[in-house]
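Please examine the structure shown below together with its sequence.

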Amino acid sequence: MEQRPAGSLGPLSEETFVRLAEAGVRSPEFTALCAQLVAELRALCPLEEDLSPTSGPEDAETFQIELSGLLQELHCPYPALTTGDVTARLGSAHSCLQLLCFLSSELQAARLLSWKRPPSPQQGEGADAARRELRLISQALGRPEPAPTCPVPQLLEDIKSKEALEGIRRALCAEYECRKRMMITRFNVTLQSFHWSERAKARGAALLAALSPLRQAESVASGVTLARLLAAREDASRIVSASSGLCRHRTSCAINKVLMGGVPDRGGRPNEIEPPMPTWEKRREGGGGQPRWGRRSKKKK
């Protein structure tokens with residue numbers, strides 16, 4: 001976690017999150033942390049909803065009503081925080097800890113995405129502020145003090161390499177690339193089978209010319225960044241059937257309505273075919289000689 005400026009809650013850690021979550025929504029310290037995370041998130045994202053800290057337990061209900069609109073705008077994937085009675089959603093330490101983890105992960109993803117945007121001419125004075133923020137993050141991660149001449153992109157890459165999520169991203173990218181290579185291999189094998197037809201041999205050159213630009217534009221490497229991985233939620237891993245309407249409105253085309261004509265029967269049904277009767281052949285004429293088993297060798301006396 002990032003080290004907070006003076007006058008705030010100080011350095012944040014997992015123990016701090018657990019302690020504040022156990023204090024609950026009636027704790028002004030818990031609501032102050034939530035409001036501070038939202039304030040930093042609003043500085044990076046165009047959010048309409050806002051969150052105000054409380055001054056005592058009597059403001060807990062108002063805080064939860066404001067939080068409900070904010071979570072709806074952020075598309076929070078946790079049903080425990082978005083469904084049921086508004087004033088009872090933060091009734092347990094688990095739900096409070098879930099809220100802190102959600103807001104902090106949203107802030108991390110927003111920061112990484114904002115650092116990847118090219119700076120505008122008006123943001124020249126913001127480079128020093130970004131360097132200061134990166135220096136604070138390096139200190140929180142236990143990294144050595146970066147050199148003053150170290151460029152900002154290099155500082156960001158050093159911080160990203162420290163995070164464990166980078167290893168997860170590499171594993172997911174390797175799995176994605178393996179699956180994509182398998183799909184491309186299957187496509188090439190299917191394409192080769194088309195050339196076996198006599199009609200396709202005459203149009204083989206036209207077929208290769210049509211597919212060549214697609215093959216050149218296709219890339220096996222994954223474009224998923226660490227920021228996108230941080231922003232991913234449970235709804236991004238849903239498996240949708242390929243025949244569902246949600247998918248078919250993008251994959252349907254005119255060729256789906258073309259019906260195949262008559263095809264030759266290739267058999268493959270042994271239960272419908274009777275076994276052939278054995279045929280007997282006459283002994284060949286002129287076959288000669290004594291059978292080998294009837295020959296006896298004479299021993300010399």
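The sections below describe a helix pair and then an aromatic pair in this predicted model.

## Packing of α1 and α2

Helix α1 spans residues 14–23 and helix α2 spans residues 28–44. The two helices pack with their axes 8 Å apart, at an angle of about 125 degrees. Angles over 145 degrees would count as roughly antiparallel and those from 65 to 115 degrees as roughly perpendicular; α1 and α2 are therefore oblique to each other. The crossing of α1 past α2 is left-handed.

On the α1 side, the contact involves Phe17, Arg19, Leu20 and Ala21. Their counterparts in α2 are Glu29, Phe30 and Leu33. Sorted by class, the residues of this contact comprise 5 nonpolar and 2 charged, with no polar residue.

## The aromatic pair

The count of aromatic pairs in the model comes to 1. Tyrosine 78 and phenylalanine 102 form this pair, with ring centres 6.1 Å apart and planes at 85 degrees. Planes over 60 degrees apart count as edge-to-face, and the pair of tyrosine 78 and phenylalanine 102 is accordingly edge-to-face.

## Location and exposure of the two rings

The pair links distant parts of the chain, its members being 24 residues apart. Tyrosine 78 lies in the loop between α3 (60–73) and α4 (79–82), whereas phenylalanine 102 belongs to helix α5, residues 93–116.

Tyrosine 78 has a relative accessible area of 26% and is partly exposed. Phenylalanine 102, with a relative accessible area of 0%, is buried.

Technical notes. Residues numbered from 1 in each chain as written. Predicted model: local features only at pLDDT ≥ 70, side-chain atom pairs only at ≥ 80, totals over all residues. Heavy atoms only, no water. Axes fitted to C-alpha atoms, helices over the stretch in contact; angles between N-to-C directions. Helix = DSSP H or I, 4+ residues; strand = E, 2+ residues; numbered from the N terminus. Parallel < 35°, antiparallel > 145°, perpendicular 65-115°, else oblique. Left-handed = near helix turned anticlockwise from the far one by under 90°. Contact = heavy atoms within 4.5 Å. Nonpolar A, V, L, I, M, F, W, Y, C, P; charged D, E, K, R; others polar. Phe/Tyr/Trp six-rings, centres within 6.5 Å; stacked < 30°, edge-to-face > 60°. Buried < 20%, exposed > 50% of the residue type's maximum accessible area, 1.4 Å probe, protein only.
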